[in-house]
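Hello,

Here is the model I promised to pass on.

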Amino acid sequence: MRARGGHSARRAGVLMAAAVACVFAGAASAQDAGPVGDAHRGKTLSYTCLGCHGVESYKNAYPMYSVPKLGGQRPEYLAAALHGYREGDRSQFTMHSQASTLSDQDIADIAVYFAGKPLVATGKANGTLPQAAQLCTSCHGLDGVAVAPMYPSLAGQHEDYIVRALEEYRDGGRKNPIMKGFAANLKAEDIAVIARYYSRIMPALRTESRPYTRFGEP
Ligand code: HEC
Ligand code: HEC
């Protein structure tokens, strides 16, 4: 969009105005999207996170459920989730304290690092879609891969974590208004069927492998 060379320069008046407009439009949309993430910095910042998120099937205690897989989500969603914990839309205590000291830039960097290579939609159902999940696929996909960057993928997520998240939307521990509405009328057996369906889909979300042991760096 920049005016290049003599010919363009002779029409500088019009082109400059257009170029300036483009630069401003670019700046505005970059700002709307939030800070751009740096995965290398994110990796450094994620050291403590991996103590839980880097251990396959690590469990939260009281209540007991698996720590969610983050690898393969879109960075936009992971950032939104971290903002949710930091700002209190998600009340889970551990994650609220983990996120409370993160800046917007830290969140963007960490989100890009954990997302890694986001899952790609296949559009295929995993066998028969349960009745209870009919409405969910418009955002979470038939194949559990989110249709938009701000929505979470559910493919291969831990079954007990999906149950827990739905109970939290239903009971108010998570305040996202979209999901509160969808979870409000789910019965316990619907939640169980939905969680079983999505948690068994491949290709699946991944646990970031922990690059160190509790006794130090390798
Ligand atoms: C002590 C264990 C623990 C540590 C340390 C921890 N987390 Fe978590 N994390 C959890 C648990 C448990 C949940 C699920 C919380 C809930 O029920 O909402 C979670 C949820 C999340 C989610 C939401 C995932 C989703 O699918 O919505 C993100 C993102 C996340 N953590 C990132 C981080 C980052 C980044 C750090 C480090 C700054 C971190 N976590 C440190 C245990 C931990
Ligand atoms: C209009 C789009 C939309 C529809 C339809 C929808 N969801 Fe969601 N879902 C979202 C968004 C957005 C979030 C993230 C909310 C937040 O920030 O906590 C989410 C979050 C979730 C989570 C938490 C994932 C995680 O990693 O923590 C689960 C589980 C879930 N939805 C299941 C469902 C189920 C089951 C249905 C159908 C009954 C459904 N959703 C319908 C948009 C949607």
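Predicted model: local features only at pLDDT ≥ 70, side-chain atom pairs only at ≥ 80, totals over all residues.

Residues are numbered from 1 along each chain as its sequence is written, and chains are lettered from A and ligands numbered from 1 in the order in which they are written.

Ligand 1 is surrounded by 21 residues, the closest being Cys49, Cys52, Asn60, Ala81 and Gln92 (near means a C-beta atom, placed from the backbone, within 6 Å). At least two shell residues come from each of α4 (50-53), α5 and α6 (93-100) (helices are DSSP runs of H or I, at least four residues, numbered from the N terminus). This shell has 11 nonpolar, eight polar and two charged residues (Ala, Val, Leu, Ile, Met, Phe, Trp, Tyr, Cys and Pro count as nonpolar, Asp, Glu, Lys and Arg as charged, the others, Gly among them, as polar).

For ligand 2 the shell holds 22 residues, with Cys136, Cys139, Pro152, Ala165 and Asn176 closest. Two or more residues each come from α5 (75-87), α8 (137-140), α9 (159-171) and α10 (177-184).

Finally, α9 packs on α11 (residues 188-199) at about 135°, with axes 8 Å apart (axes are lines fitted to C-alpha atoms over the stretch in contact, and angles run from 0 to 180 degrees between N-to-C directions).

Best wishes
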